[in-house]
Amino acid sequence: MVSLGCPKNLVDSERILTKLRSDGYAMSPDYAGADVVLVNTCGFLDSAKEESLEAIGEAIAENGRVIVTGCMGKEAEVIRQRFPNVLAVTGAHQYEEVVGAVHEAAPMPPSPFVNLVPDAGLKLTPRHYSYLKISEGCNHRCAFCIIPSLRGDLVSRRPDAILREAEKLVEAGTKELLVISQDTSAYGVDIRKEPRMWKGQEVVPHMTDLARELGKIAPWVRLHYVYPYPHVDHVIPLMAEGLVLPYLDIPFQHASPSVLRSMKRPANEAKVLERLKNWRSIAPDITIRSTFVVGFPGETEADFQYLLDWLDEAQLDRVGAFRFEPVEGASANDLPGAVPEEIKEERYARIMEKTAAISAAKLQAKVGRTLEVIVDEVDPEGGATGRSQADAPEIDGQVFLRDAGHLKQGDIIQVEIEDADEHDLYGAPVAG
């Protein structure tokens with residue numbers, strides 16, 4: 001299995017592998033030992049599509065028997081034109097079609113010995129953290145995005161099904177649940193009148209209610225892809241209570257009102273600043289992560305400077321930035337005022353410099369504090385690498401530990417922070 005793209009794709013891959021394992025198939029660690037190769041593709045940007053095509057090409061060169069699935073499955077003709085020998089092409093979260101294609105490409109012999117599958121299913125992440133997908137699709141129609149055309153409109157999972165999966169994951173060793181979807185704050189709007197029974201009580205399909213129940217199951221619950229709808233305010237007290245990690249991943253994308261309008265995004269940046277202030281008054285340690293697009297069509301130097309000034313005021317903890325890239329099928333491609341590539345690069349460098357300085361100052365302020373840290377790896381030399389509550393795996397910073405040889409992966413410990421740089425912290429476990 002070659003799984004590309006976002007954590008939502010990773011969850012799709014895990015579901016496919018779990019079904020295949022229950023059917024008697026085993027995973028091969030390399031191309032050479034595989035009867036068939038699955039490539040789960042990403043189609044969000046043209047650069048991601050090219051990476052997906054390169055992965056398909058590598059799989060064909062190394063093995064020859066390839067099934068393609070994922071977001072780029074919508075462009076089956078493009079894939080087949082470049083690679084006419086692929087065995088099958090299916091779209092995103094079409095689990096049964098993928099499994100059926102595997103059965104056809106590599107049929108199981110009669111009465112196979114079937115391996116037992118853990119209750120939590122097969123995972124592609126370390127044992128101590130798991131992605132928990134709560135919905136598919138998205139109801140937004142942002143100008144730069146083609147996700148709704150790839151994955152459809154919002155379809156929320158039943159709350160009891162989500163909580164049951166969370167419970168199985170925790171029983172199997174998960175300490176941190178990373179809640180994902182295309183739009184986590186919209187969870188349940190399509191099934192809002194369908195509460196479900198869980199542990200003898202009704203659970204309403206709503207982000208706040210779901211987060212509260214998840215907080216009773218797992219030590220750490222982290223919310224990703226949260227749009228700043230008004231009801232997000234109700235989640236902040238759960239963070240103050242310790243039920244949910246004080247962390248929100250909010251894709252603001254820009255701050256200039258004119259650019260936000262062109263993007264077809266909510267454009268009340270002043271109110272966002274006010275809400276950030278209120279959130280911090282309730283949960284002082286809250287970490288806000290976000291992403292921004294620079295060089296969107298029509299973005300002027302004044303728009304970009306507005307964004308930089310807004311970031312100075314917002315003081316976001318973690319920021320990623322992307323240069324605007326046209327994606328086939330996105331309405332933004334037809335907008336006037338294309339920004340030259342050299343200006344995109346210059347603006348990208350400026351926003352990264354700005355946000356790195358903010359990050360460095362915020363991390364320096366943590367020196368001398370004691371923070372809760374989850375251990376990701378322990379090395380033979382007595383050191384370890386972990387993450388604080390402010391750090392999601394793969395995308396945020398790390399905490400590098402000394403004198404940590406007695407720890408094990410998944411431990412949640414108290415750490416005294418001794419030093420910091422632009423992105424990471426350094427410290428030692430608190431004795432006892």
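Select Phe 292 and Trp 310 to begin: both are buried, where buried means under 20% relative accessible area, exposed over 50% and partly exposed in between, computed with a 1.4 Å probe on protein chains only. The model is a predicted one, in which local features need pLDDT of at least 70 and side-chain atom pairs count only at pLDDT 80 or more, while totals for chains, interfaces and linings use all residues. Residues are numbered from 1 along each chain as its sequence is written, and side-chain values use heavy atoms, with hydrogens and water left out.

**The aromatic pairs**

With these two rings still selected, note that Phe 292 and Trp 310 form an edge-to-face pair, 6.2 Å centre to centre and with 65° between the planes. Rings of Phe, Tyr and Trp (its six-membered ring) are paired if their centres lie within 6.5 Å, and planes under 30 degrees apart count as stacked, over 60 as edge-to-face and the rest as tilted. Phe 292 belongs to strand S13 (residues 287–294) and Trp 310 to helix H11, 18 residues apart, so that the pair links distant parts of the chain; helices (H or I, at least four residues) and strands (E, at least two) are DSSP runs numbered from the N terminus.

Phe 296 is buried at a relative accessible area of 0%, and Phe 324 is buried at 9%.

**The nonpolar cores**

Now select Leu 214, Leu 248, Trp 279, Phe 292, Trp 310, Leu 316 and Ile 351, the residues with the most contacts inside the largest nonpolar core, which has 50 residues. Such a core is a set of buried Ala, Val, Leu, Ile, Met, Phe, Trp, Tyr and Cys residues joined through side-chain atoms within 4.5 Å. Helix H11 (residues 301–314) gives the most to this core, with six residues. A second, separate core of 17 residues includes Cys 71, Ile 147, Val 293 and Phe 296.

**Strand S8 and its partners**

Select strand S8 (residues 176–180), where five of the five residues are buried, so the strand is largely enclosed by the rest of the structure. Glu 176, Leu 178 and Ile 180 lie on one side and Leu 177 and Val 179 on the other, and both faces are covered. Strand S5 (residues 129–133) pairs with S8 in the parallel sense over five bridges, two strands being paired if DSSP finds at least two bridges between them; here Ser 130 stands opposite Leu 177. Strand S11 (residues 220–223) also runs parallel to S8, joined by four bridges, and Leu 223 is the bridge partner of Val 179.

**The barrel**

Continue to the five strands that close into a barrel in the order S15-S16-S17-S19-S18, with mixed pairing. Strands S15 (residues 370–378) and S18 (residues 412–420) run antiparallel and are joined by five bridges, with Val 373 partnered by Ile 413 in S18. Within strand S16 (residues 384–388), select Thr 385, which is buried with a relative accessible area of 17%.

**The cysteines**

Finish with Cys 42 and Cys 71: the sulfur of Cys 42 is 6.0 Å from that of Cys 71, the closest cysteine sulfur, too far for a bond. A search of the whole structure finds zero disulfides, a disulfide being a pair of cysteine sulfur atoms within 2.5 Å.
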